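User: Got a model here I'd like to go through with you. Can we start with the rings and then move on?

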Amino acid sequence: MRQRLLAGVCLALALGAAGCQDQPTAPAANASAATASAAALRSAGPNAALSRALPGGASLERGEVVLPPAARITDQQLTEAVRRALNPNDYVCPPSTPISDWWLQQALAFRDQEPALFQTLYVDWLADLIPTYEALYFETTATPQYFGYHGEYNRIMAKTEKDVKRFWDIRSDDIQLVAMHGTVLQDVERTAATYEAVFGLPAPLARQAAEIVRAAVLQSQVLDGGNHPLFSFNAFAFSTFGGPIPDKIVMGDGILAGYSALGFDDVAPQAIYAHEFAHHIQFENGYFDDPYATTGSAAEQTRYTELMSDAMSAYYLTHARGAAMNQKRVEQFLEVFYEIGDCAFSDPGHHGTPNQRMAAARFGFQLAAEAQKQGHILPSAEVHARFVAAYPGLVAPDAI
């Protein structure tokens with residue numbers, strides 16, 4: 001199987017209308033041309049720069065992240081709501097949502113209370129991207145992992161990982177569950193290594209950047225040492241299919257904190273992990289090569305894989321031999337979770353509209369109910385086949 005790297009969250013992505021993006025990447029022509037992810041705010045204000053020229057011709061820019069040759073990455077968008085707030089004339093939909101409003105409140109509180117530190121961290125050094133790519137490139141289960149700002153989700157994440165892997169029939173012993181922490185910005189060595197790998201900065205300059213970032217984070221009275229959603233409001237699934245980076249699901253502290261603030265502690269960790277694991281089913285079984293995933297616009301292709309992940313996660317969450325959750329409670333969470341559905345029909349990161357996402361979830365609910373009557377778990381291939389057959393009807397109400 002050809003090598004590709006898919007990082008997907010497909011969620012968090014949050015906040016925004018444009019979520020997961022499946023994008024082939026080629027090797028960088030040279031280190032100075034290296035650019036970083038588009039997973040961040042469009043700008044920090046009307047006069048904020050999107051890139052910074054550095055000594056020696058290097059630069060920091062928000063753009064495509066440099067990945068291994070022939071890699072593919074998904075889900076590199078973040079906080080459309082913040083973009084709308086800072087550039088309101090650019091967006092006409094969707095309306096604000098509880099989760100985007102929460103994130104926006106946190107992000108703008110930092111910007112407004114400590115503008116100089118915001119300038120240093122967000123605008124000058126793009127430090128909000130570092131935790132994501134430090135986790136993507138370097139985090140493994142070889143080092144101790146904890147989930148939540150203070151490890152408050154350790155038990156539920158360990159149980160969820162075990163239960164989901166038991167439920168589905170793909171090989172999953174090689175999928176590592178790791179965490180994304182903003183506190184990594186206090187670690188000069190790890191931050192410098194990420195600046196080198198992602199931005200192509202020479203080692204001396206990368207270390208200088210890491211030292212500046214560490215000092216700014218520790219100086220802040222708002223960021224709590226990096227425990228802030230600006231740095232970790234995301235979750236990812238990615239695989240290199242035997243490449244240099246192990247298969248992973250990355251859970252960010254900030255996304256767990258956000259849904260906790262909205263009262264979804266009892267379902268969000270399981271639902272987010274189940275969604276990301278569904279992407280691994282797609283990776284393992286080759287569903288990114290399906291006709292719906294390879295024809296039409298980039299937006300339509302991403303919508304297909306995202307709605308399939310929605311359906312598979314809903315199937316697991318309500319199946320009696322899965323998470324066995326109450327459907328009504330799961331739907332309450334998904335009504336918030338799926339507000340990252342959007343009307344950006346031409347955006348490569350289009351997840352599907354909220355209606356389409358809920359239709360996909362209800363397909364999964366129904367499939368679970370039918371399977372329970374027969375007393376067994378459907379193979380992933382059969383869930384996929386039934387989803388493909390139902391797909392035209394799931395997207396029809398809001399078809400473009």
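User: How many aromatic pairs does the count come to?
Analyst: The count comes to 23 aromatic pairs. The rule takes rings of Phe, Tyr and Trp (its six-membered ring) with centres within 6.5 Å; planes under 30 degrees apart are stacked, over 60 edge-to-face, and the rest tilted. Keep in mind that this is a predicted model: local features need pLDDT of at least 70, side-chain atom pairs count only at pLDDT 80 or more, and totals for chains, interfaces and linings use all residues. Residues are numbered from 1 along each chain as its sequence is written, and side-chain values use heavy atoms, with hydrogens and water left out.

User: What kind of pair do tryptophan 168 and tyrosine 315 form?
Analyst: A tilted one, 5.8 Å centre to centre with 45° between the planes. Tryptophan 168 sits in the loop between helix H5 (154-167) and strand E5 (176-180), and tyrosine 315 in helix H12 (298-318), so the pair ties together parts 147 residues apart in sequence. Helices (H or I, at least four residues) and strands (E, at least two) are DSSP runs, numbered from the N terminus.

User: Is tyrosine 315 buried or exposed?
Analyst: Buried, at 0% relative accessibility. Tryptophan 168 is buried too, at 5%. Buried means under 20% relative accessible area, exposed over 50%, and partly exposed in between (1.4 Å probe, protein chains only).

User: And which residues have the most contacts inside the largest nonpolar core?
Analyst: Trp168, Tyr195, Tyr259, Tyr315 and Phe333, in a core of 109 residues. Such a core is a set of buried Ala, Val, Leu, Ile, Met, Phe, Trp, Tyr and Cys residues joined through side-chain atoms within 4.5 Å.

User: What is tyrosine 195 in contact with?
Analyst: Leaving aside neighbours within four places in sequence, its contacts include Trp125, Leu126, Ile130 and Val213. Contact means heavy atoms within 4.5 Å.

User: Leucine 126, then. Where is its place?
Analyst: In the loop between H3 and helix H4 (130-138). Most residues other than glycine have a negative phi. Leucine 126 is buried, at 1% relative accessibility.

User: Which residues of H3 are buried?
Analyst: In H3 (115-124), Leu117, Phe118, Leu121, Tyr122 and Val123 are buried. Their cover includes helix H2 (98-113), helix H7 (203-219) and helix H8 (229-232).

User: Where does alanine 324 lie, with its positive phi?
Analyst: In the loop between H12 and H13. Alanine 324 is partly exposed, at 49% relative accessibility.

User: Switching to charges. How many salt bridges does the search find?
Analyst: The whole structure has 14. Each is a side-chain nitrogen of Lys or Arg within 4 Å of a carboxyl oxygen of Asp or Glu. Lysine 159 and aspartate 163 form one, the closest N and O atoms being 2.7 Å apart. Both lie in helix H5, four residues apart, about one turn of the helix.

User: What does aspartate 266 form a salt bridge with?
Analyst: Arginine 329, the closest N and O atoms being 2.8 Å apart. Aspartate 266 lies in the loop between H9 and H10, and arginine 329 in helix H13, so the pair ties together parts 63 residues apart in sequence. Aspartate 266 is partly exposed at 42%. Arginine 329 is partly exposed at 25%.
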